[in-house]
Amino acid sequence: MNNKERIKKSIVKTILTFGLIGLITTHVWATNSNFDFVVTPIAENVYSIVSPSFGLPTPENKGWNSNSHFVVTEKGVLLFDTGSSELIGNKIKSAIKSVTDQPVRWVINSHSHADHWLGNAAFSKSDVEIIASSQALGTMKEDGQGSMEFYSRVTKGEIGSTQLVYPTLLLTHKQKRNFGGVDVEFIFSNDGHSPGDILMWLPKQKIIFGGDVLSSDWMPIITHHGNVPNLINTLYAVAKLNPTIVLTGHGKATTVKSVIRDADLLSSVWKQVKADYENDKNPNATLLDVRAKLGPKNRLLYKDFATEIERQVKQMYKLQQ
Ligand SMILES: [Zn+2]
């Protein structure tokens with residue numbers, strides 16, 4: 001495959017990966033041009049940096065379309081997700097400096113999508129441990145270069161140049177660890193949103209860091225390489241932990257209520273699509289049914305419900321094949 005073909009393939013793959021085709025026609029991401037990395041206190045020693053943009057990278061948002069969160073410990077900062085580029089990673093680094101003198105010592109990449117790990121380049125010093133799952137690393141290696149080229153193209157170069165910096169410590173299963181006095185548990189979604197997603201749970205503070213497995217303002221993000229039944233199970237398992245604060249990969253912090261809401265919604269849509277697929281029903285007919293059944297309850301609960309539910313039904317049909 002020549003270079004042009006490779007880039008074209010990776011663009012299509014990136015759009016599919018982010019599941020953002022539906023969002024292209026909406027206004028949400030296009031109107032946000034704010035590039036201020038504001039640190040929001042969440043709980044004692046826990047902070048969020050929430051991107052005002054969601055969806056595709058643009059020249060205005062310079063590719064910054066996802067959230068990062070961090071925990072200040074006695075021995076350094078534990079950072080969860082690094083954004084989409086070295087430039088964004090550096091902005092995150094300076095934002096962290098506005099609340100603590102502690103250096104970032106540990107970086108977690110929730111998953112392999114570019115907007116959650118390309119900022120690793122800003123944290124590539126040898127004493128920083130970068131942690132992700134081994135499955136996520138596989139996808140990063142496969143898609144990283146193409147995603148970076150895609151981000152650069154759609155932001156018209158505003159994103160700057162970025163070195164691909166991969167995780168240095170790989171997790172293969174659920175595990176506990178103490179970071180500078182803070183107990184942490186890593187939970188696997190079993191590929192719910194994408195291969196090898198990990199969530200981070202602070203059992204004492206009852207805070208869950210969900211990456212793209214958990215959502216708040218928008219509907220749950222399902223992708224071509226995710227596993228919907230496992231995503232649903234993970235949401236119910238997170239709800240069982242009864243977190244007091246739920247931090248997401250996009251959108252503002254939320255509560256356990258929206259985790260249950262998302263699990264219930266996904267499970268109704270999935271059941272309907274599965275049954276209709278088995279009965280050879282047309283996806284458009286399913287969409288009409290789902291809209292009529294779930295629209296009244298959910299239309300006001302999610303941003304862009306009408307377009308998002310269409311994207312979700314179509315994606316679920318593809319996953320049946
Ligand atoms: Zn993602």
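Analyst: Happy to! Let's begin where α5 is followed by Asn-242, whose phi is positive, near 55°. Helices (H or I, at least four residues) and strands (E, at least two) are DSSP runs, numbered from the N terminus. This is a predicted model: local features need pLDDT of at least 70 and side-chain atom pairs 80 or more, while totals for chains, interfaces and linings use all residues. Residues are numbered from 1 along each chain as its sequence is written.

User: Where do the buried residues of α5 fall, seen down its axis?

Analyst: Buried means that 20 or more other C-beta atoms, placed from the backbone, lie within 10 Å of a residue's own. In α5 these residues include Val-228, Leu-231 and Val-238. Going by the directions from the helix axis to the C-beta atoms, they fall within an arc of 160°, so they line one face of the helix.

User: Which elements do the buried residues of α5 pack against?

Analyst: Contact here requires C-beta atoms, placed from the backbone, within 7 Å. By that test, the partners are β11 (207-209), α6 (256-278) and α8 (305-320).

User: Which residue in β5 is the bridge partner of Val-77?

Analyst: Strands pair if DSSP finds at least two bridges between them. β4 and β5 (residues 104-108) have four, in the parallel sense. The bridge partner of Val-77 in β5 is Val-104.

User: How many bridges join β3 to β4?

Analyst: A hairpin through two residues connects β3 to β4, with Thr-73 opposite Gly-76. The strands run antiparallel, and the number of bridges joining them is five.

Terms used:
Buried ≥ 20, exposed ≤ 12 C-beta atoms within 10 Å, placed from the backbone. Contact = placed C-beta atoms within 7 Å.
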